[in-house]
Amino acid sequence: MPYADDLLRDVPLATAGLDRCAHRRTEPGLIATLLSDPDTLVLPVCDGHAPVAGPAGPELAWRAPGEGDAAYPAVFLGSAAGRARVAVLVPRADMDATWLGLRVQGADLGPIDAEAFTTAVALGNWHATHTHCPRCGSPTQIATAGWTRRCPEDRSEHFPRTDPAVIMAVVDPDDRLLLARHPTWPAGRLSVLAGFVEPGESLEMAVCREVREEVGLMVRDVRYLGDQPWPFPNSLMLGFEARTDDPTLAIDEAEIAEAFWLTRADYHALVDEGAWGGGTALSISRRLILRWLHG
Ligand SMILES: [Zn+2]
C-alpha cells in the first residue's frame, strides 16, 4: 500500500525531466539554429497528439530535424540527456496511426517525455487560440523561441496563459468521500469536485465557494496536497482536501447531475462490480481518491 501523501508527490504529468534553459529563449534565431543541427531532437505535435515509438509504446518518437520543420511554428522546450529539444507544431495532415494523445499516453511516460509533451501541448493550444492582439486585433507573431507572441503594430508582448483550477477531496464526519458527476458526463464517470479560480479569490476561497455552489456544503480545514499541469487546454489543477461538519447535500443541478457520499466499502463494491473504474489514471482526481482510500 503506498504512503498516502506520496500519491500527491509523483502525480502524472507533474514529474520534472527537462532543463528548460529559459535564458536561451532570447538567443537570436535559436529555433533556426537548432533545426539545422542534426543533434537536436524534434517532437512533432498537433492537437494534443504526438508520435510514439511503438503501437502502445511508453516513449515518444523524437527524431532529427526534417526539411519541412522550419515552415511551422516551433517551441524550444529546453534540454534533456544532453540534447536540445524542440516541439514543431505541425498540421493535421502529418498525423498518422503512430500518433497518440497526451490524455491516453500521459500516465505511462517517463519524466522527460511527460514534461516535454505536456509543455508542447499547452503551448500548442495557446498559439492555436491566441493568434491576434487583444489590444488592437492585429495578427501576432511568435517570439522568444515559442514562449511569447508579439504584436507588430503596437509592440505589445503576450505570454502564455495558465488557468488555475482547484480540485478537492471533501470528507464528512464519518470519513466518507464526496463524489459527483457533471451533467455532460456519462453514467459511471465520477470525480471529486473541481472548478476554476475566479478573479479576486485565493485558492482556499475558491475551494469553499465551489463546494458551496455545487453541493451546498460549508467546508473547513482546507489543505493543499499537490498539483498537476493539465493542458486540456491550459489549466493547472491544484489539489486540496477539505472537511465538512454537516453532510447534507443541496445539489446545483445546472453544475452537478448527481453527488453522493462514499464509504471505503462502497468504493470497493463499485470498483469490484465494474460500475466505476475509480477515476482516470492520468488525473490528480484519481490520486486524491486513492489518498482518501489509503488514508
Ligand atoms: Zn496590437
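The largest nonpolar core of this predicted model comprises 75 residues, with Val-86 and Met-168 making the most contacts inside it. Such a core is a set of buried Ala, Val, Leu, Ile, Met, Phe, Trp, Tyr and Cys residues joined through C-beta atoms within 7 Å, where buried denotes 20 or more other C-beta atoms within 10 Å of the residue's own, with C-beta atoms placed from the backbone. Helix H3 (residues 111–129) gives the most to this core, namely nine residues; helices (H or I, at least four residues) and strands (E, at least two) are DSSP runs numbered from the N terminus. At least three residues come from each of domain 1 (4–158) and domain 2 (163–294), the bounds being taken from an automatic or database domain assignment.

Residues are numbered from 1 along each chain as its sequence is written. Because the model is predicted, local features need pLDDT of at least 70 and side-chain atom pairs count only at pLDDT 80 or more, whereas totals for chains, interfaces and linings use all residues.

An open sheet of three strands is found in the order E1-E4-E3, with mixed pairing; two strands pair if DSSP finds at least two bridges between them. Strand E1 (41–45) and strand E3 (74–80) each have a single partner strand and stand at the edges, so one side of each lacks a neighbour in the sheet. E3 and strand E4 (residues 83–89) pair in the antiparallel sense over six bridges, and Arg-83 in E4 is the bridge partner of Ala-80.

Conventions. Buried ≥ 20, exposed ≤ 12 C-beta atoms within 10 Å, placed from the backbone.
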